Amino acid sequence: MKKLKAFLSAVFMLAVTLAATGCGSSGSSSSFNNPMDEGKKETLLDIAKGSGLLDGELENKTITWISNWDINADEQSGKKTPADLALFQEIYGGNIKYEACTDANRFDVLAECVNGGKGADMFYAGNLDAFPRCTLNNNMLFAPSDDYIDYGSTLWEDVQDINDSFMWNDKHYISVIQETGDNVACVYNRKTIQEAGLEDPAKLYAEGKWTWDAFQDMLEKFVGSGDQHYGIDGWFFEFGLMNTIGVPPVGFEDGKLVSHISDPAMERVQEWIYELYQKNCIAIGVGDYGWEDKPYYIGEGKLLFYPVGLYEFYKTPDLWKKRFGTEDVFFVPMPKDPKADKHYIPTGMEAYAFVSGGANPEGVAKYLNCKRFCATNEEACAIADSIFIDDYGWTQEMVDMREEMNRLARENPVIDFSKGVNKDCADLVDNKLRMTARGTPWNETFNSINAAVNKIIDEVNATL
């Protein structure tokens with residue numbers, strides 16, 4: 001489990017639209033330039049100006065951004081300047097200074113900027129580990145955005161409800177651009193499926209038959225059909241499956257954190273995951289397979305499912321095809337819980353926070369308005385999404401499936417705040433709720449975690 005924990009601490013989730021990797025030491029800034037296609041940029045600019053939604057001037061042109069990935073063009077993934085940043089640059093003359101950090105030290109760097117007077121303006125809140133921990137009275141690292149963003153305005157009205165639902169002390173401390181469905185997808189090789197005589201999960205999904213039962217049936221048939229046939233690999237499948245019940249381990253309801261560890265649906269999904277373990281459907285961490293994930297087994301026809309975030313595909317095609325060892329790779333949402341009222345999947349948020357003491361909150365607001373414009377205007381969305389086909393080598397079917405996952409997330413959001421309570425809660429939930437996939441019966445895990453999580457949540461809620 002130590003290797004698993006170390007790996008997970010190094011993994012970061014990218015912003016849904018055009019995210020990319022880019023870790024470095026604190027204090028560096030982006031210098032790589034890969035501009036957006038000039039024709040697309042001019043079209044986008046005309047659309048934005050014609051809308052009248054991105055108005056006003058910006059005196060301070062620079063936003064300082066702390067993260068372990070760069071909003072700017074990224075050399076490692078081949079990402080070009082994203083549409084929202086292109087608008088910010090062209091309409092307001094703005095630019096984003098990238099203060100690089102690692103996933104492990106980004107909260108330390110944030111605290112240094114706030115408490116040490118170094119200064120920063122914007123922080124990513126979409127990893128679901130920053131809220132509410134960065135807004136507590138003894139750890140006030142975020143500033144409310146209410147003086148700079150009108151959540152009832154045309155640009156923000158369709159996400160006002162979700163932004164309002166995360167208010168803390170009657171203030172907006174995170175700005176949600178949109179809910180996202182790309183946190184965990186079920187990745188597979190269509191050639192492997194065909195050769196094994198199984199039905200394509202995409203076809204099953206289209207027919208409303210992509211459920212836990214179909215998922216398990218395929219796993220059992222594949223694992224039992226030959227040597228070196230493995231079921232599930234990767235670091236994200238446990239919570240990917242857990243989130244399909246529609247009840248997060250820790251939720252945020254009516255301005256309070258709430259534990260759902262004792263919910264009957266949690267018991268049901270945990271017992272099902274334990275059954276998958278007993279039937280040899282889980283590969284990672286079991287027997288000779290070891291703790292090294294093997295996504296290339298997808299291409300070799302040895303592995304059936306590799307649940308992972310779609311960030312693995314937000315790269316040039318040579319990179320993601322090499323990662324999975326094939327161009328026949330495809331993805332679908334995690335399977336539906338047959339007893340749930342809706343098709344729930346792991347839900348993420350593209351969300352940002354204003355840093356306490358930041359020098360340019362006006363600039364952050366203008367940039368986020370540009371992001372909202374690209375997320376809401378259909379013509380702008382089409383231009384922003386064209387990167388997936390033009391630069392990342394996706395098929396239209398992949399683009400459509402990603403949008404279908406986003407639709408499920410928007411309509412049936414399941415957002416887990418266990419990582420956002422504090423580090424103790426994050427570690428406890430993350431480690432313990434995986435144990436059924438390692439052969440520990442649920443009742444043992446429940447008895448070791450339920451009271452402890454409730455105590456942590458009660459203490460945090462009491463700070464209000």
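A disulfide is a pair of cysteine sulfur atoms within 2.5 Å. Keep that cut-off in mind as we tour this predicted model, in which local features need pLDDT of at least 70, side-chain atom pairs count only at pLDDT 80 or more, and totals for chains, interfaces and linings use all residues. Residues are numbered from 1 along each chain as its sequence is written, and side-chain values use heavy atoms, with hydrogens and water left out.

**First stop: the cysteines.** Select Cys 134 and Cys 101. How far is the sulfur of Cys 134 from the closest cysteine sulfur? The gap to Cys 101 is 12 Å, too far for a bond. Cys 134 is also buried, at a relative accessible area of 0% (buried means under 20%, with a 1.4 Å probe and protein chains only). Now pick Cys 281: its nearest cysteine sulfur belongs to Cys 186, 12 Å away, and Cys 281 is in no disulfide. Cys 281 is buried too, with a relative accessible area of 0%. The structure holds zero disulfides.

**Next: colour by confidence.** The chain averages a pLDDT (the predictor's confidence in each residue, from 0 to 100) of 90, and 92% of the residues score at least 70. Select residues 1–29, where the pLDDT is below 50. Where pLDDT is low, the predicted coordinates should not be read in detail.

**Last stop: a helix pair.** Show α17 (residues 423–432) and α18 (residues 442–461), whose axes come within 10 Å and cross at roughly 160°. That makes α17 roughly antiparallel to α18 (angles over 145 degrees count as such). To see the contact (heavy atoms within 4.5 Å), show side chains including Leu 428 and Val 429 of α17 and Ile 449 and Val 453 of α18.

Conventions. Buried means under 20% relative accessible area, exposed over 50%, partly exposed in between (1.4 Å probe, protein chains only). Axes are lines fitted to C-alpha atoms, for helices over the stretch in contact, and angles run from 0 to 180 degrees between N-to-C directions. Helices (H or I, at least four residues) and strands (E, at least two) are DSSP runs, numbered from the N terminus. Angles under 35 degrees count as roughly parallel, over 145 as roughly antiparallel, 65 to 115 as roughly perpendicular and the rest as oblique.
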